[in-house]
Amino acid sequence: MKFLLTVVTCISLPLVQSYVTWIGAIPPDKQIPWLKKLTGDICESPTLSDAMIQAVPEVMKGWTTAKYHSAENAVAVERLVKRLVDESEAGNIKANPHTADYNWLLEGWARSGEGVFAAERCEQILRQMQARYEDGDQNVQPNLSSFKVVIMAWRQSHTDYSATRAQRILEWMMELYKQGKNDQALPDSDCFDIVLQSWARNRLPDAPTRAEKLLGVMEKMHQETNSPKLRPRTLSFNAVLSAWAKSKDPDAWKRSLDILSFMDKLYTIEKNDRVAPDLITYHIVLGALARDTSSPKSVATTADSIIRTIQKKSAAGELSWKPDTILFNYAIGLWAKSTTTGAFRKARSILDRQLNLFHDGFVECRPDVVGF
């Protein structure tokens, strides 16, 4: 029996590696059955050979990166991790699971589509990893990827408290790092941006202010650590703008303009090109103006002014992007909704400028049926 097991292992390992390297070589409908066979061979083996132990991470990767994702994938990875734990507890130190193994497990749950349950399970695993690390197990120290996956899992849970739970993980990271309990827990811009985007999707009344405060925390931590990976960027500001754009606060559009002005100041005066307003920035701000119903003339005039500024900067070569149809449609639409005298002429003026740009080669702003 021992000889047979060795033979099977020697044959299976190359197949595992070739599968993971060329995952597209196996039809999607056959990937899961193939992974089930490999997982069964490993988990049902009374002892694990060195080759089997080396194969486990490859099989985990196969489950996590398979085309079809479900809880079944995550449960299979849990079986593999448990098998490594059992083997190591039986005396085989080569089978000790490491951070990378648990990260595959976290990834499996994060991609499972199980919503809150998946996020809760990810957080539970992460906290167990940190507890074991603090107890002296250096093999399972959570790293940046570990924390980031859990934050992502909460963002994807799509509940009213997703952003709150995601931010809780982020705050825990900062606490662990500051207290010296985990030197790999220092967040980066991605961690903050994931949470900021969670607040941007949240409908709670205080979501915009909480997003703004978090952006301030991000900047403060960047200054304290001097980490280049923690600097706020355009994506960070866009998330805050999105939160305000979706707000029911009657002054939300004014706050959006304040943030846009601040971004422009950082970029033009302080030469911080990481926060340069981009096309998405202006889409969000003009969208916020379009949602306002209390002061139609004021928002239409403001939108018109923004379009003129964009055209001026574009003509001077100051933009890395080109104005598009959506921007002009927003501005035209705002004048169309306005009941003020001369609104038609204002809207037509914007359309004429749009046509001129299009004829000058700016195909991105081609007028469409909405503008006309």
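Is W321 buried or exposed? I looked that up first. W321 is buried, with a relative accessible area of 12% (buried means under 20%, exposed over 50%, partly exposed in between, using a 1.4 Å probe and protein chains only).

A note on what I'm working with: this is a predicted model, where local features need pLDDT of at least 70, side-chain atom pairs count only at pLDDT 80 or more, and totals for chains, interfaces and linings use all residues. Residues are numbered from 1 along each chain as its sequence is written, and side-chain values use heavy atoms, with hydrogens and water left out.

Next, aromatic pairs. Rings of Phe, Tyr and Trp (its six-membered ring) pair if their centres lie within 6.5 Å; planes under 30 degrees apart are stacked, over 60 edge-to-face, and the rest tilted. I got five aromatic pairs by this rule.

One of them is F237 with F262, a tilted pair at 6.1 Å centre to centre and 50° between the planes. F237 is in helix α11 (residues 234-245) and F262 in helix α12 (residues 252-268), so this pair ties together parts 25 residues apart in sequence. (Helices are DSSP runs of H or I, at least four residues, numbered from the N terminus.) F237 is buried at 6%, while F262 is partly exposed at 43%.

Back to W321. Its ring centre is 5.6 Å from that of Y282 and the planes are at 45°, so that pair is tilted. Y282 sits in helix α13 (residues 279-291) and W321 in the loop between α14 (296-315) and α15 (325-337), 39 residues apart. Y282 is buried too, at 5% relative accessibility.

Terms used. Helices (H or I, at least four residues) and strands (E, at least two) are DSSP runs, numbered from the N terminus.
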